[in-house]
Amino acid sequence: MNRKLQALISTSVLTAGVMFYCQASYAHGFVTSPPSRSYQCQLGVNSNCGPVQYEPQSIEGPQGFPSGGPADGHLASGGKENFSALDSQSPTRWVKTSIKSGENTFVWNLTAQHKTTSWKYYLTKSGWDNTKPLTRADFNLKPFCEFNDGGALPPQTVTHKCTIPTGNTGDQVILAVWNIADTSNAFYQAIDVNITD
């Protein structure tokens, strides 16, 4: 094999590797409706958020929630230290969006699409402790809404119709999880809501 052909093959392999790495590393997304905690930080509705206000799309952590994923107390930040401000919790810490039980529309903005396994939505239990950082014990661990994409590449805007169960009125948190197909990570979005029947 001559040197020119070897160089061409090496360059092609390197380019393909860089493209795959970029696709895998820069797949990001956040929930715009109802607005997530991190998006509300970007909008300036939530304050004292730290660097997540500049990149609400980057709350990426290990997949596997609820059996795996970020540790308790670090669910809102996806376990990322630089986004730990999102884990602070009190009855008045975060601005809440009013929604009703029943059908609601959830909208993700993907700043970079990525092959997807699933989208899952979890809701806090009635009587959850809103004075402490979020833990698994605060959530109903069966998702109230779930979509399986089977490894497909989603569009830039992803819309889901989900039915919020009755009986969980008042201040609640929805944890939206985007599970990636070809990495071991997921994206986490905490959504602060006030639910009325």
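**Working chat: patches, salt bridges, cores and strands**

Mentor: Leu43, Val45 and Val95 make up a nonpolar surface patch with about 230 Å² of accessible area together. A patch here is built from residues with over 30% relative accessible area and no salt bridge, with nonpolar side chains (Val, Leu, Ile, Met, Phe, Trp, Tyr) joined within 5 Å and like charges within 9 Å. Accessible areas come from the Shrake-Rupley method with a 1.4 Å probe, and for residues only the protein chains shown count as cover.

Trainee: What kind of model is this, and what are the ground rules?

Mentor: It is a predicted model, in which local features need pLDDT of at least 70 and side-chain atom pairs count only at pLDDT 80 or more, while totals for chains, interfaces and linings use all residues. Residues are numbered from 1 along each chain as its sequence is written, and side-chain values use heavy atoms, with hydrogens and water left out.

Trainee: How many helices and strands are in the chain?

Mentor: The chain has two helices and nine strands, in the order α-β-α-β-β-β-β-β-β-β-β.

Trainee: Which strands pair with β4?

Mentor: Strand β1 (residues 28-33) is one of them, running antiparallel to β4 through five bridges. Pairing requires that DSSP finds at least two bridges between the strands.

Trainee: Switching to charges: how many salt bridges?

Mentor: There are four, taking a salt bridge as a side-chain nitrogen of Lys or Arg within 4 Å of a carboxyl oxygen of Asp or Glu. One of them joins Asp72 and Arg136, whose closest N and O atoms are 2.7 Å apart. Asp72 is in the loop between β2 (60-62) and β3 (97-100) and Arg136 in the loop between β5 (116-123) and β6 (145-152), so the pair ties together parts 64 residues apart in sequence.

Trainee: Is Arg136 buried or exposed?

Mentor: Arg136 is buried, at 15% relative accessibility, whereas Asp72 is partly exposed at 39%.

Trainee: Which other pairs?

Mentor: Lys120 bridges to Glu146, the closest N and O atoms being 3.7 Å apart. Lys120 is in strand β5 and Glu146 in strand β6, so this pair ties together parts 26 residues apart in sequence. Glu146 is partly exposed at 40% relative accessibility. Asp129 and Lys132 also form a salt bridge, at 3.9 Å from N to O, and Asp129 is partly exposed with a relative accessible area of 31%.

Trainee: And the inside? Which residues touch the most other members of the largest nonpolar core?

Mentor: That core has 21 residues, and Phe106, Trp108, Tyr121, Phe144, Ile164 and Ile174 touch the most other members. At least two residues of this core come from each of β4 (102-112), β5, β7 (157-164), β8 (170-180) and β9 (185-196). A second, separate core of 20 residues includes Phe65, Tyr122, Leu134 and Tyr188. A nonpolar core is a set of buried Ala, Val, Leu, Ile, Met, Phe, Trp, Tyr and Cys residues joined through side-chain atoms within 4.5 Å.

Trainee: What is Ile174 in contact with?

Mentor: Leaving aside neighbours within four places in sequence, the contacts of Ile174 include Ile99, Phe106, Tyr121, Phe144, Ile164 and Val193, a contact being heavy atoms within 4.5 Å.

Trainee: What share of the chain counts as buried?

Mentor: Of its 197 residues, 43% are buried. The accessible surface comes to about 9500 Å², and 54% of that belongs to carbon and sulfur atoms.

Trainee: What about phi of Asn48?

Mentor: Phi of Asn48 is near 55 degrees, a positive value in a residue other than glycine. Asn48 is in the loop between α2 and β2 and counts as exposed, at 67% relative accessibility.

Key:
Helix = DSSP H or I, 4+ residues; strand = E, 2+ residues; numbered from the N terminus. Buried < 20%, exposed > 50% of the residue type's maximum accessible area, 1.4 Å probe, protein only.
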